[in-house]
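Take a look at it first, and then we'll go through it piece by piece.

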Amino acid sequence: MMRQILKKILSPFLKKASAVYLKKRRKYTYKDISVWVEPTVFPPFLTISTRILLDFIDGLPQKDLRFLELGCGCGIISILAAKKGARVTATDINEIALTALAQNAAENSVDVEAVFSDLFENLSGREFDCIIINPPYYPKEPQSVAERAWFCGSDFNYFEALFAQLPVFSTAENNIYLILSEDCDLPTIQSIAFKNRMGFDTIKEKKVAGEKNYIFRITRL
């Protein structure tokens, strides 16, 4: 409770500092992978979720898997999967992110298919062995493409759409992983999933700087 109160007090100052920090492109590195993060693209260095996912994926076999990163941002997760031998598709609604991804992939000597898609909108008919989702989860209406990386809509519109579409792409053989923080409204998000007959299995829990993050495997009920 105290941590949440402090975050609420400090958030206006953090938001202003973040806006200043993100006015120019920044480099983000994981092991031997370096990428450029452009302004308006989700900044992995200001959160812990990307690093947690990178460590998680780095420990999984990826050779020849059909891998999808839904909402790729700077694309470092997709690039890691490609380096591990996966056949990677990366989507985003931010054209700047997709353009930067092509450059970042080339600089890291891997092939990644970049697709402009709002969730699964432009992926009809495709099948994937592994799907990774690092979603926006703050319940507020986004006012720009950049804000859609953070805000899921006041009525959790992102999750309503996500879990309505996911059953088509969920099979008994594939793995769908979703990362969420304890700071989000987990009961509401899970209720939306259950409404669409999708369930949560906790695969990993990690606490960093007092904040718990969870990687869930999403399955059909």
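## The hairpin at one end

Strands E8 and E9 are joined by ten bridges and pair in the antiparallel sense. Strands, like helices, are DSSP runs numbered from the N terminus (E, at least two residues, for strands; H or I, at least four, for helices), and two strands pair if DSSP finds at least two bridges between them. Within this pairing, Glu205 stands opposite Tyr214 in E9. The two strands make a hairpin with two residues between them, and Ala209 in the turn has a positive phi of about 50°.

Before going on, a word on where this comes from: it's a predicted model, where local features need pLDDT of at least 70 and side-chain atom pairs count only at pLDDT 80 or more, while totals for chains, interfaces and linings use all residues. Residues are numbered from 1 along each chain as its sequence is written, and side-chain values use heavy atoms, leaving out hydrogens and water.

## The whole sheet

Zoom out and you'll find seven strands in an open, mixed sheet, ordered E5-E4-E3-E6-E7-E9-E8. At the edges sit strand E5 (112–116) and strand E8 (198–208), each pairing on one side only. From one strand to the next, the twist averages 20°.

What holds strands of a sheet together? They pair through backbone hydrogen bonds, either parallel or antiparallel. Here, strand E3 (residues 66–70) runs parallel to strand E6 (residues 130–133), with four bridges joining them; Leu70 has Ile133 in E6 as its bridge partner. E7 and E9, on the other hand, pair in the antiparallel sense over five bridges, and Tyr177 is partnered with Arg217 in E9. Seven of the ten residues of E9 are buried (under 20% relative accessible area, with exposed meaning over 50% and partly exposed in between, using a 1.4 Å probe and protein chains only), so E9 is largely enclosed by the rest of the structure.

Thr50 is part of H2. Is Thr50 buried or exposed? Thr50 is buried, at a relative accessible area of 5%. Not counting residues up to four places away in sequence, Thr50 touches Tyr28, Phe42, Pro44, Ile76, Ile77 and Asn134, where contact means heavy atoms within 4.5 Å.

## A residue inside E3

Glu69 belongs to strand E3, and with 4% relative accessibility it counts as buried. Leaving aside neighbours within four places in sequence, its contacts include Gly75, Ile77, Thr89 and Ile132. Glu69 and Val88 are 19 residues apart in sequence, with 7.8 Å between their C-alpha atoms.

## Two helices side by side

Helix H5 (residues 157–169) and helix H6 (residues 186–195) pack with their axes 9 Å apart, at an angle of about 30°. That makes H5 and H6 roughly parallel to each other (angles under 35 degrees count as roughly parallel, over 145 as roughly antiparallel, 65 to 115 as roughly perpendicular and the rest as oblique). Phe159, Glu160 and Phe163 of H5 meet Ile189, Ile192, Ala193 and Lys195 of H6.

Ser191 is also in H6; at 38% relative accessibility, Ser191 is partly exposed.

Methods:
Axes are lines fitted to C-alpha atoms, for helices over the stretch in contact, and angles run from 0 to 180 degrees between N-to-C directions.
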